[in-house]
Amino acid sequence: MEEQTQFYRDTWAEIDLDAIHHNMEGIRSALPKDVRVFVAVKANAYGHGDVQVSKAALEAGAHGLAVATLDEAIRLRKSGLDAPILLMGTSRPSDAGIAAELRISLAVFQTEWIQEAASHIKEGQKLRIHIKCDTGMGRLGIKKTEELKEIQAILKQSGKFHTEGIFTHFATADQVSSDYYLKQVMRFEEMVEQLEDKPEYIHAANSASALCHGNALFNTVRIGISLYGLAPSEEVKPLLPYERKEAFSLHTKVSHVKKLEAGESIGYGATYTASGEEWIATVPIGYADGWIRKLQGIEVVAGGGKAKVVGRICMDQMMLRLPCHMPIGTDVTLIGRQGDQFVPVDEIADYLDTINYEVTCMISARVPRVYKKSGKTLGIDNPVLCRTFLKKMS
């Protein structure tokens, strides 16, 4: 396959793999050496790039990978990654065979699922499973110890499964108040005690729990948002025990510049009207790229200074009010650093009244990801052209 080493529109996201490595090392050093780390690389590694981020995290000390769908897990395995992979969400029992074949661990929490899945696993193979417990999240998992005992009996009788782990998920670990969180910890401990044999992986802690509470580490933790240099919440941000480096930045370039006279309007609905002479730039990014219409009015960085998004954001383009005339091709940074100016992901999240997780996840696949390491471009992932260029990390 021909290598794709460029893209054909001046809009791209840069992923700093050195930042991923730095964050993983910081997380690893903050945890006991005997606690293993699974990193969450679901949703294309929160928009950063699953394969590339996985390799960087594993090199820096991660033990395994966690995803949400079987498609995500298969993509990682077929990309040459040999580390343990855990699918934390739901899967079809009819797909148990391919999971067993590719050594992908599945979350299990329904007796009917286990019984049906067994018929899809070939003789001589065993499906690795992690029992999911619902201790208060109210999403997936078994709630009662009676259910756990029933599942254990079915698994033991079948012979088609290897119980590799047991886990739960915290609902309020990213809050300073710990009452509800501690109830979940206690409930999970009770369920673990019901196991006849302790599995290899016992895990409950996410980023906030592992790094800010530390009382539910068991022998394995799952790290998500903190790997990317972002805080689980504003509440626990001061408690994080390592220096965070944001790995994601978003860039475009000025494609057109024009002068508006007082009274002239721009954009759909003519929602912005110039009060005097103004320089307006058009840039090639819009809501189809994940830069949604609600970001009208936010400030970005153009040519080293602040520029305001004016008029309604279009599907493929938007307009900026510049502080002065700037030439076509001027760099525009929507997220990240340009000179002494920095737009953090949290600033975008605050403007949208959402969380940082959503911001990086919503930048669409048609925005190429450019991977940087040691100041050099390591590769470009451009799904629009259905080609991936990825140099060997060394």
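Where is the place of A270? A270 lies in the loop between strand 12 (265-266) and strand 13 (272-273); strands here are DSSP runs of E with at least two residues, helices are runs of H or I with at least four, and both are numbered from the N terminus. The views below show a predicted model, in which local features need pLDDT of at least 70, side-chain atom pairs count only at pLDDT 80 or more, and totals for chains, interfaces and linings use all residues. Residues are numbered from 1 along each chain as its sequence is written, and side-chain values use heavy atoms, with hydrogens and water left out.

**View 1. Positive phi at A270 and A43.** Most residues other than glycine have a negative phi. Phi of A270, however, is near 50 degrees, and A43 has a phi of about 55 degrees. A43 is placed in helix 2 (residues 42-46). A270 has 44% relative accessibility and counts as partly exposed, as does A43 at 38%. Buried means under 20% relative accessible area, exposed means over 50%, and partly exposed lies in between (1.4 Å probe, protein chains only).

**View 2. A patch of negative charge on the surface.** The patch gathers E112, E146, E147 and E150. Patch residues have over 30% relative accessible area and no salt bridge, and like charges are joined within 9 Å. A salt bridge is a side-chain nitrogen of Lys or Arg within 4 Å of a carboxyl oxygen of Asp or Glu. Asp and Glu count as negative, Lys and Arg as positive, while His and the chain ends are not counted; the charge of Glu is placed at CD. Helix 7 (residues 145-158) gives the largest share of the patch, three residues. E150 is found in helix 7 and is partly exposed, with a relative accessible area of 44%.

**View 3. A nonpolar surface patch.** Y8, V384 and L385 make a patch of about 320 Å², nonpolar side chains being joined within 5 Å. L385 sits in the loop between strand 21 (376-382) and strand 22 (387-390). The relative accessible area of L385 is 31%, so this residue is partly exposed.

**View 4. Aromatic pairs.** Rings of Phe, Tyr and Trp (its six-membered ring) pair if their centres lie within 6.5 Å; planes under 30 degrees apart count as stacked, over 60 as edge-to-face and the rest as tilted. The count comes to six aromatic pairs. F7 and W12 form a tilted pair, 6.0 Å centre to centre with 35 degrees between the planes. F7 is partly exposed at 22% relative accessibility, whereas W12 is buried at 12%. Ring pairs also link Y46, Y228 and Y357 into a cluster.

Conventions
Accessible areas come from the Shrake-Rupley method with a 1.4 Å probe; for residues, only the protein chains shown count as cover.
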